[in-house]
Amino acid sequence: MPARLLPSWAWVSGLTVGATAAVVALAVQAEHGPHPTASARPGPSASVSASPSPGAHRPSSGKPSGPPALPDASGSGRRIVYSLGEKRVWLVDATGKASRTFTVWPGTVNPQPGSYSVIKRTQSIPGSDGVQIEHVMYITEVAGVNVAFSNALDGASPPPANGQKLGGIRANKADGSALWGFGDLNTKVVVVK
C-alpha cells in the first residue's frame with residue numbers, strides 16, 4: 001500500500017496545535033513561578049517580623065543576608081560546631097570554611113560549651129522518645145543521658161518532651177544525612193553558647 005501524504009493544511013494545523021500547547025505550558029509555568037514585582041514569601045525557616053515600630057529603621061549594610069556566620073571562638077580545623085543559643089550546626093572543612101549550616105531541635109539535656117568528639121555512631125535505633133531515628137552520632141553523656149546528633153527516620157521534627165530528659169539534637173532528614181557523612185568517629189565537635 002503506498003504511503004499517503006497529508007495535505008499541507010494538516011501540517012499547519014498540527015504545528016499550530018503544538019505551538020499553542022507550548023505557549024499554554026509556558027504561561028502556566030510563569031503564573032506559578034516568581035514574579036519580579038511580587039513580594040517573596042518566606043520559607044519554613046525564614047523569620048517574619050511584625051511591622052517595625054517608629055524609629056526602628058536600620059540602614060542597609062549593602063550585604064546580602066545569608067546563613068549566620070560561624071561563631072567566633074569555635075575552634076580551628078575540620079570540625080562540627082554546635083551553637084546552643086542559635087540551635088544551629090555548622091560543618092567546617094579543614095580550611096576553616098563552613099560548607100553547610102542548618103538549624104536543629106535540641107533535647108532537654110544539653111552539653112556544656114567545650115570541645116568534644118564523635119565517640120560512637122549508630123545507623124538506626126529507636127530514640128528515647130519512641131521515635132525511630134537514624135544517623136546517630138554520640139558526643140557525650142550528661143547526668144546519665146546520652147547527647148547525640150540524629151534525625152527522625154520519617155523526617156519529622158520531635159514532639160514536645162513532656163518532662164522527659166532527652167539528649168537528642170535532631171536535624172531534618174537531609175541535614176542529618178549530611179552530618180552523618182561528615183562526622184566520622186573522632187571528628188571534633190565544638191559546642192558554643
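Helices (H or I, at least four residues) and strands (E, at least two) are DSSP runs, numbered from the N terminus. The model is predicted: local features need pLDDT of at least 70, side-chain atom pairs count only at pLDDT 80 or more, and totals for chains, interfaces and linings use all residues. Residues are numbered from 1 along each chain as its sequence is written, and side-chain values use heavy atoms, leaving out hydrogens and water.

**Stop 1: around S83**

Is S83 buried or exposed? S83 counts as buried because its relative accessibility is 2%. The classes are buried under 20% relative accessible area, exposed over 50%, and partly exposed in between (1.4 Å probe, protein chains only).

Now display E86 and K193. A polar atom of the S83 side chain lies 3.1 Å from the backbone nitrogen of E86. The S83 side chain also reaches the backbone oxygen of K193, at 3.3 Å.

Contact here means heavy atoms within 4.5 Å.

**Stop 2: the sheet**

Switch to cartoon view. Strand β1 belongs to an open sheet of five strands, ordered β3-β2-β1-β10-β5, with mixed pairing. Its edge strands are β3 and β5 (114-117), each pairing on one side only. From one strand to the next, the twist averages 20 degrees. Axes are lines fitted to C-alpha atoms, for helices over the stretch in contact, and angles run from 0 to 180 degrees between N-to-C directions.

Select residues 88-92, strand β2. Five bridges join β2 to β3 in the antiparallel sense. Two strands pair if DSSP finds at least two bridges between them. Which residue of β3 is the bridge partner of W90? Pick T101.

**Stop 3: A98**

Go to A98, in strand β3, residues 98-103. A98 counts as partly exposed, because its relative accessibility is 30%. Its contacts beyond four places in sequence are W90, L91 and V92. Draw a distance to I80: the C-alpha atoms of A98 and I80 are 9.2 Å apart, across 18 residues of chain.

**Stop 4: zoom out**

Show the whole protein chain. It has two helices and 10 strands. From the N terminus on, the elements run α-β-β-β-β-β-β-β-β-β-α-β. Colour by burial: buried residues make up 27% of the 193 residues.

Methods: A polar contact is a pair of N or O atoms within 3.5 Å; within protein, one must be able to donate a hydrogen and the other to accept it, and residues adjacent in sequence count only if both atoms are side-chain atoms.
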